[in-house]
Amino acid sequence: MTTGLTVLVPCYNEGAQVEVAHAELVEALKELGEIQILFVDDGSADDSLARIRRLAETDPRVAYVSFTRNFGLDAVMAAGVRYAAHPWTVQCDADLQVPPSEILTLLGKAAEGYDVVFGRRLGRRDPLIRRAGSAIMHWAARRVFGIDMPRGASTFRLMRTGVARTIMDLRLPWFIPAVPLVGARYAVTPVSHRARTAGRSKLRPVKLAGHALELFFGFSLRPLTALYAGGALAAALAVLLAPVADSPVAGAAHLLLTGASLAALALVARYVHRLLHETSPLRRYYVRESNLALAPEDTLTGGLPCPPSPGRF
């Protein structure tokens, strides 16, 4: 089915997993034709980059892009599909909780005519709080906020590289709900899942909550609709309570309306922030080092040579 596959491997402080991930990927995909293993180092503070460099020196299939700082998974995805060398790209996390052999499962499903195939993790081996939080978030996205979320879709996914680039160019905060939004043909297929053997998950509860807010406010206008309705109700209550302005009931209502007003301001601010992010001229990431030819706009120096360490003018 494929005439070439890029394996996008996000790395953030995954030094202990770099060589392990490379070895398992090479073994699992040895029957395929051309492959590129593209490590995107998201500003790691450990020895991840040094280990990736050593792999690239011995294996011509290994490419890497290293960011100037930690920009997050959205930026990793944007850079990964931008520098993917082949028509298909699969995202496979360095923790290898989904075995690399499952890439063949995604390829088999894509052969049926899909643009994107998501893996649905069977027997997910993550902590209970992580699984529960993810389930609640996906349920709320579909049921409360009306977002079209492929049920069970995960970050283990195979994509036509051109389709993924088109979606990333939209600067949307989440890839999963963007796929049905643009009308791409997609499927969700079951894949096995196993416990992490090294390192720690980088998604803490606070970060997961931030991701949820990006999802809810980036793809749904229902909160604004509720805000409009609440504003109308508050105005009506103000009129009704005007004759008894000095009563305890009116005082309690005043406190309630004040709190609601502050919440409304926070909600509007969230949407304004989302709009500014989508229209900002700033790039999602900047690259410090790579063994690929970089687009000048992706570097801090605009493509000009940069000394390896700070020096005097």
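Visitor: What covers the buried residues of α2?
Guide: The model is a predicted one. In it, the cover over the buried residues of α2 includes β1, α1, β2, β3 and β8 (287–290).

Visitor: Which residues of α2 are buried?
Guide: Ser-48, Leu-49, Ile-52, Leu-55 and Ala-56. They span an arc of only 120 degrees around the axis, so they sit on the same side of α2.

Visitor: And which are exposed on the other side of α2?
Guide: Glu-57 and Thr-58 are exposed there.

Visitor: Why do residues three or four places apart point the same way in an α-helix?
Guide: Because an α-helix has 3.6 residues a turn.

Visitor: Switching to strands. How many residues of β2 are buried?
Guide: Seven of the seven, residues 35–41, so β2 is largely enclosed by the rest of the structure. Ile-35, Ile-37, Phe-39 and Asp-41 are buried on one side, and Gln-36, Leu-38 and Val-40 are buried on the other.

Visitor: How many bridges join β1 to β2, and are they parallel or antiparallel?
Guide: Seven bridges, and the two strands run parallel. Leu-8 is opposite Leu-38 in β2. Between β1 and β2 the chain passes through helix α1 (residues 18–28), in a right-handed β-α-β crossover.

Visitor: What about β2 and β3, how many bridges there?
Guide: Five, again in the parallel sense, with β3 covering residues 62–67. Asp-41 is opposite Ser-66 in β3. The chain gets from β2 to β3 through α2 (residues 48–58), and that β-α-β crossover is right-handed.

Terms used
Residues numbered from 1 in each chain as written. Predicted model: local features only at pLDDT ≥ 70, side-chain atom pairs only at ≥ 80, totals over all residues. Heavy atoms only, no water. Buried < 20%, exposed > 50% of the residue type's maximum accessible area, 1.4 Å probe, protein only. Helix = DSSP H or I, 4+ residues; strand = E, 2+ residues; numbered from the N terminus. Pairing = 2+ DSSP bridges. Right-handed = clockwise from strand over helix to strand, strands pointing away. Arc of directions from axis to C-beta. Contact = heavy atoms within 4.5 Å.
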